[in-house]
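Here is a short note for a colleague who is meeting this structure for the first time. Please read the points with the sequence and the 3D view open beside them.

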Amino acid sequence: MTTNKRIISLLICLSIITSFVPMARAEAVEATNIYVAADGSGDFTTVEEAIEHLKQLESKNETKNSPKNIYIKSGDYFLSDKIRVPGGSGEGQGFTFEGYGNGEVNLIGGEKLDKVLVSNVTDGSILDRIIDSNARDKLLQIDVSNLGIDFGDLKNDESQPKREMPTFYIGETPLLPARYPNKIAGSEFLHTKDAKVLADPAKSSAPGYWPDYIDPVQFSVKEELERSDEWTDDTFENAYIQGFFCVDYECEMMKIADFNNDTNTLTTTAGFENPIYDNKRFYFLNMLDEIDMPGESYLDVDSQVLYFMPTDNFKADEIYLSNFKGDMFTIADQSYVTIRNINFKYSIGRSLQLHNAHHITIENCTFAHTDSDAIVVSARNSVIRNCEVYDTKSGGIAVYGHYNLIENNLIHDNTARGTKTYQNSVLLNGSNNTLKNNTIYNNAHQVIGIGGSNMEISYNEIYNACLESGDTGAIYYGRDPSIMGIKIHDNYFHDIGNAYVTSYGQQSIFCDDGSIMPHIYHNIFENSGGAAIKAHGAQFGLVEDNLFVNVNTAAYFQSWAQNNSQQIQNRWYVWVHQNLTDNQSRYDKVFDQAVMEEYKDSYFKAFWDYVKVEDWDMLTDGTINSDEDLQRVALEKGPAYTNTFRDNILVDTRYATSGGNGTEENTIVMDKSKMNANFKFNNDALSEIHAQNPDYTNFDLSKIGYIDPNPPTPPSSGGGGGGSRPAPISSPSPSPSPTPGASPVPSPIPLPSPQPKPITFTDTSTDNWYYNAVKYVFERNLMVGMSDTEFAPDVKVTRGMISTILWRLDGEQPVLNQVPFKDVASDKWYAKSITWMKDNAISLGYEDGEFRPDRQITREEMATIIARYLEFKGVLAQGNAAGFADDFDISAWAKDSTARLKTLGIMGGRGDNDFDPKAQTSRAETAQILMNILATTD
């Protein structure tokens, strides 16, 4: 968001020059303007001074009925105390806190450390413990013993990581405790074996004794530990284990009391919150010996020295330490307050707290590097928009009020440090809150939690959720039958789940334990765990008009029936009875006449057909006084098959529904070849779909997820606040939805006009088979020579080259995102084209995060990339088998693309009808392919 802020800041600067001419009002009121500039050019040099001055003016009644504004010039402002925002009192009389200038305004809840505190490690006793020789050579230390910081323990008493403790940062990168094994996908966990509780017989007779909650545990490590022979007693001096020791939805931490190197058996200092089992996932944490990755560290609490391996971007004068406790900013009992163009960074406590407030606007701000939630909204009629919230330890935005809007934000990496579960990127409590047009990603557990009614979640891109946990969902709620009216529509869910939890372990949407399901409509679910949607005994769901792509099961409606053949949801009926009778507030809400009237026309109005106040009175007034009677009534009055799955489209999806507690109507199964990379079906497919579902419309991905409100010109790869950015979905300009029965009209591939320039290449003559193709692409500037005199027709094409060629073919469309691959520098000639390829799903790179731009491309790889490009442009074709003599040599993943390109006449075989799939592609062949593409689509 840096570029956006600079544009906005320039406008603010201009408004300062013109003395902040106020907007026209019915009655002009002079504003109170206060300017803060760290360089001394304003009224005050610190934010605290400006706030105190404004409070004094208010105490003298000098700001009554007037707008109050504090404008902060770009720079770093280190807070010495919590700020309570004053001044908001009514519309037109509110308070504005706004940044301006040519740079960023950073409010810092910590301190920037003097680089003299950083030095090389010379202590041999420390260096000798570092196992990795590369880390040993690079090891640095930060001595903060003279700063008086209380670091304390990494863990709370409840076996959870400590919520608030100081953290070191190198620029934007937190230094994390060294772990073993390293966080590398597929090998980041070890597993327990022979786990047991070391029960204390002296405690066993105590009331309420449960040994799993009280006593230490002992277990062996299932895997062979290659480096354990090098560990000593000192290794475990301040070491911990963290992981999923009981269930996959609870991550716990415990300090190590002892480790036996001979048997690889460890003992903890205390017990976990849950019982421990065999074959559960965990890792070692905070081990000096195991520093072997950039950014890994170890804090010696006694000496207050931090040892660390520097990051690639390490600068000794860019080290921050968060040590500010409590909320940085509080808006309490106020209204009509605006905070704009401010970065809140490096804090132990929350960045911003709204309490008993209304009509608060937070926009174009960054919230990062906090050990708590970034923003807590206990407010109403307020909005958070165009912000970035990332690198938080305990959640992102928590909403507890009513009628609030969370719109067009980037929210990500909200469990990157510390606690791994139940730290929602967004938590929606209260009622009537809206979550719209956000891009939310990278969370070990659920990204959105719901605890209130009438929530609307729409037009969000949600991905990389449930990355370490199980028995959960990207969106999760449950166990409360008073949560009603949840609408989830027009979102794009993708890449949900992990490889550690199998079966129905992670879902895009999970409604748990007998609650009321949402209305789920017109969403895309792609690559989503075991099931895209799961109802664990939840009832009255309506799932309609969604698109499921590459999902095992679209909707799993898990039954809560005692007799599965009968399907009466008697267990749910009993559960609701117990839930409502144990919670009076829920009972009052469910049977409130206003609530019943509000939902009388809703899809789940049948809830009250089974949950009637007269039945509940009978169940609570003593008429029914035994479990047997309750079970009998439940079998008589319980519902059956309450969830509905209708008018949904399945692509590469194995099952529509399972679980038994639902009905399926009008499921449409479509072939993937009829859908392009942006999930738009061609006209033939739409005709088929409209025959069964006339109301279906193609998705417009350009309207989903974060949308840059001020796209930079020219394109820039700048990032707001330094945080990593997702690649927003990119798609061609939308066209009107085709009518059923219309002929396919693919998005036209632009046909560049030839320029009259002669072919002067000495290695290309009219006798060559490729002459016409080379002339064609050269005149249209799609390919140029390797020099002024050589086209180099036999030189092999690399992945970087084909990216650039296709980008040119698409008219060199603007690229707004950062380069998404770690081996592609932003200043390389192919950087923009590779970013464009990733943005449009033409080439996604390799699993290790690399693109490998200099790798020569094979013919089957070329076929796959060209096919994806044509899908992106709306050019689709089917091909069952290519019919080449060496079909058997074509990789499975390339067979479909190869056949389709042969059908279109774009790629044929070499001599003797061989496709030669593993051979590299030459520049001459590439020129011919480009000419064929344009000839086919002209």
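1. Strand β37, residues 461–465, is joined to β40 by four bridges, and the two strands run parallel. Within this pairing, Y463 stands opposite H494 of β40. Please keep in mind, here and below, that the model is a predicted one.

2. Four bridges also join β40 to strand β43, residues 524–528, and this pairing is parallel too; here F493 has F525 of β43 as its bridge partner. Of the five residues of β40, which spans 492–496, four are buried, and the strand is therefore largely enclosed by the rest of the structure.

3. A separate point concerns an open sheet of five strands, whose order is β6-β7-β19-β18-β10 and whose pairing is mixed. Its edge strands are β6 (118–120) and β10 (176–177), each of which pairs on one side only. Strand β10 is joined by two bridges to β18, residues 296–300, with the two running parallel, and the bridge partner of L176 in β18 is E296.

4. The loop between β18 and β19 (305–308) contains D302, a residue that counts as exposed because its relative accessibility is 70%, where the cut-off for exposed is over 50%. On the surface, D302 belongs to a patch of negative charge in which it gathers with D233, D234, E237 and D258.

5. How many salt bridges does the structure hold? The count is 34, and one of these pairs is R227 with D292, whose closest N and O atoms are 3.6 Å apart. R227 lies in the loop between β13 (217–221) and β14 (240–244), while D292 lies in the loop between β17 (281–285) and β18, so the pair ties together parts that are 65 residues apart in sequence. Both R227 and D292 are buried.

6. E871 is buried, with a relative accessible area of 14%, and R900 counts as buried at 5%. Elsewhere, salt bridges that share partners join E98, R340, E363, R385 and E407 into one network.

7. Finally, helix α14, which covers residues 799–809, deserves a look: is it mostly covered or mostly open? The helix is mostly covered, with 10 of its 11 residues buried, and among the buried residues are R799, M801, I805, W807 and L809. Just after α14, G811 takes a positive phi of about 85 degrees.

Conventions: Residues are numbered from 1 along each chain as its sequence is written. This is a predicted model: local features need pLDDT of at least 70, side-chain atom pairs count only at pLDDT 80 or more; totals for chains, interfaces and linings use all residues. Side-chain values use heavy atoms; hydrogens and water are left out. Buried means under 20% relative accessible area, exposed over 50%, partly exposed in between (1.4 Å probe, protein chains only). Two strands pair if DSSP finds at least two bridges between them. Patches are made of residues with over 30% relative accessible area and no salt bridge: like charges are joined within 9 Å, nonpolar side chains (Val, Leu, Ile, Met, Phe, Trp, Tyr) within 5 Å. Accessible areas come from the Shrake-Rupley method with a 1.4 Å probe; for residues, only the protein chains shown count as cover. A salt bridge is a side-chain nitrogen of Lys or Arg within 4 Å of a carboxyl oxygen of Asp or Glu. Lys and Arg count as positive and Asp and Glu as negative; His and the chain ends are not counted. The place of a charge is taken as NZ of Lys, CZ of Arg, CG of Asp or CD of Glu.
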